[in-house]
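Please consult the sequence and the coordinates shown here while reading.

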Amino acid sequence: MIAVGLMSGTSADGIDAAVVDLPPAGTPGAGRLLALTHHPYPAGVSARVLAAGEGRATTAEICHLHVYLAELFAEAALAAIARAGLAPDDVAVIGSHGQTVYHAPEPREEPSLGSRPVRVRATLQLGQPQVIAERTGVTTVADFRPRDLAAGGQGAPLATYAHALLFGRPDAAVAVQNLGGIANVTFVPAGAGPDRVLAFDTGPANMVIDGLVRLATGGRETYDRDGTRAARGRVHAGLLEALLEEPYFARRPPKSTGRERFGEPYLAAVRSRGAALGLADDDLVATATALTAWSVARAYRDFLPQAPGRVLLCGGGARNPTLARMIAEAAAETFPGAPPVVEATDAAGVPAEAVEAVAFAVLARETLAGLPAGLPQVTGAARPTVLGVVAPGRRAADLFRESR
């Protein structure tokens with residue numbers, strides 16, 4: 001099955017599109033990556049997305065963005081399909097994560113029509129799938145998170161199911177560490193399938209680092225290219241330890257987080273604390289980079305059933321050599337007896353920047369086959385769930401027949 005996966009993370013910097021020839025549903029293996037493209041958002045779009053996530057956008061603007069971003073996702077899908085040398089009719093399904101603007105997995109009680117209150121867990125990803133299906137002609141699966149939330153789960157992490165199929169090994173426990181705006185880990189015991197994995201968000205990855213670089217440069221730079229600033233700076237041990245006292249890090253899984261916890265207010269507080277200590281901009285970036293590394297290592301120590309033998313890095317942060325080095329150092333110090341091998345997922349056959357987009361292609365494949373990819377032991381949901389909603393494309397009748 002040829003599928004397209006579309007991903008835009010909490011950094012809101014653009015769209016990754018992967019075209020992949022996948023094995024049948026439920027089958028381990030990455031298939032064959034046919035094309036991978038990255039499409040930065042047009043000027044001003046990232047700021048509008050961030051404003052929506054921080055409550056600074058009108059209802060009219062959010063409604064508009066829901067459709068506008070879908071147009072951009074459709075363009076990205078078509079560009080990737082063309083890069084693969086294919087036509088849209090060659091593609092069975094598009095899996096679109098959409099653009100998260102808010103994620104509130106902790107329940108809030110509201111009045112119901114009866115006597116018992118309703119416990120509301122909510123999430124919002126922009127990028128209307130009907131628009132993607134209409135523009136491309138390809139059946140599109142999106143809105144993956146709400147069904148798990150409705151079943152009492154966190155709605156995250158969702159790529160866990162795909163990570164287990166893509167990277168599980170019969171002879172070693174593997175931690176797949178995604179480093180997007182938020183960092184999340186999937187722990188796959190040796191020989192395990194998706195039903196035995198553990199996963200959760202460890203905390204911020206690039207979100208705080210990117211924000212500090214953006215503020216330090218007045219927006220001229222949007223991320224720490226090649227980890228250069230962190231490499232030049234010096235980690236402030238006292239500030240690092242204070243930041244590691246953030247209550248989220250001590251919470252037991254299942255747990256997930258996002259910009260609502262580690263967004264602009266958190267960023268402003270970190271910058272203010274750095275200024276009070278007289279830290280140079282690069283020192284603050286180095287300390288934020290160390291925060292990501294040590295929050296990852298301590299999460300492994302505190303919440304994984306055993307030390308992983310191998311840590312596979314994916315997401316944009318995997319291309320930050322300073323962050324990768326700090327994670328390796330923190331893991332070695334945390335597990336001195338058997339330090340894990342830390343390397344990018346490229347070593348396991350999937351480029352680091354492709355993993356999350358490929359994961360949503362996998363999830364879309366499972367949805368069409370009716371296989372539950374929502375994992376209760378990961379999200380805390382009451383039951384396994386089939387994720388996503390389906391916007392039919394031109395081949396929908398054949399596709400549904402084939403999936404039965």
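Glu 329 and Arg 325 are joined by a salt bridge between their side chains, with an N to O distance of 3.2 Å. The model is a predicted one. Both residues belong to helix 13, which covers residues 321-334. Their separation of 4 residues corresponds to about one turn of the helix. Glu 329 has a relative accessible area of 42% and is therefore partly exposed. Arg 325, with a relative accessible area of 40%, is likewise partly exposed.

In total, the structure contains 21 salt bridges. Side chains of opposite charge can pair when their charged atoms come close.

| Pair | N to O distance | Relative accessibility |
|---|---|---|
| Glu 54 and Arg 56 | 2.6 Å | Glu 54 24%, Arg 56 56% |
| Arg 298 and Glu 241 | 3.0 Å | Arg 298 24%, Glu 241 37% |
| Glu 329 and Arg 325 | 3.2 Å | Glu 329 42%, Arg 325 40% |

In the pair formed by Glu 54 and Arg 56, the glutamate Glu 54 counts as partly exposed at 24% relative accessibility. Arg 56 reaches 56%, and because the cut-off for an exposed residue is over 50%, Arg 56 counts as exposed.

Which parts of the chain does the salt bridge between Arg 298 and Glu 241 tie together? The closest N and O atoms of Arg 298 and Glu 241 are 3.0 Å apart.

The remaining site is Ala 230, a residue of helix 7 (residues 228-232). Is Ala 230 buried or exposed? Its relative accessibility is 3%, and because buried means under 20%, Ala 230 counts as buried. Leaving aside residues up to four places away in sequence, Ala 230 touches Asp 224, Val 285, Ala 286, Thr 289 and Thr 322. Ala 230 and Asp 283 are 53 residues apart in sequence, while their C-alpha atoms are 7.0 Å apart in space.

Technical notes. Residues are numbered from 1 along each chain as its sequence is written. This is a predicted model: local features need pLDDT of at least 70, side-chain atom pairs count only at pLDDT 80 or more; totals for chains, interfaces and linings use all residues. Side-chain values use heavy atoms; hydrogens and water are left out. Helices (H or I, at least four residues) and strands (E, at least two) are DSSP runs, numbered from the N terminus. Buried means under 20% relative accessible area, exposed over 50%, partly exposed in between (1.4 Å probe, protein chains only). Contact means heavy atoms within 4.5 Å. A salt bridge is a side-chain nitrogen of Lys or Arg within 4 Å of a carboxyl oxygen of Asp or Glu.
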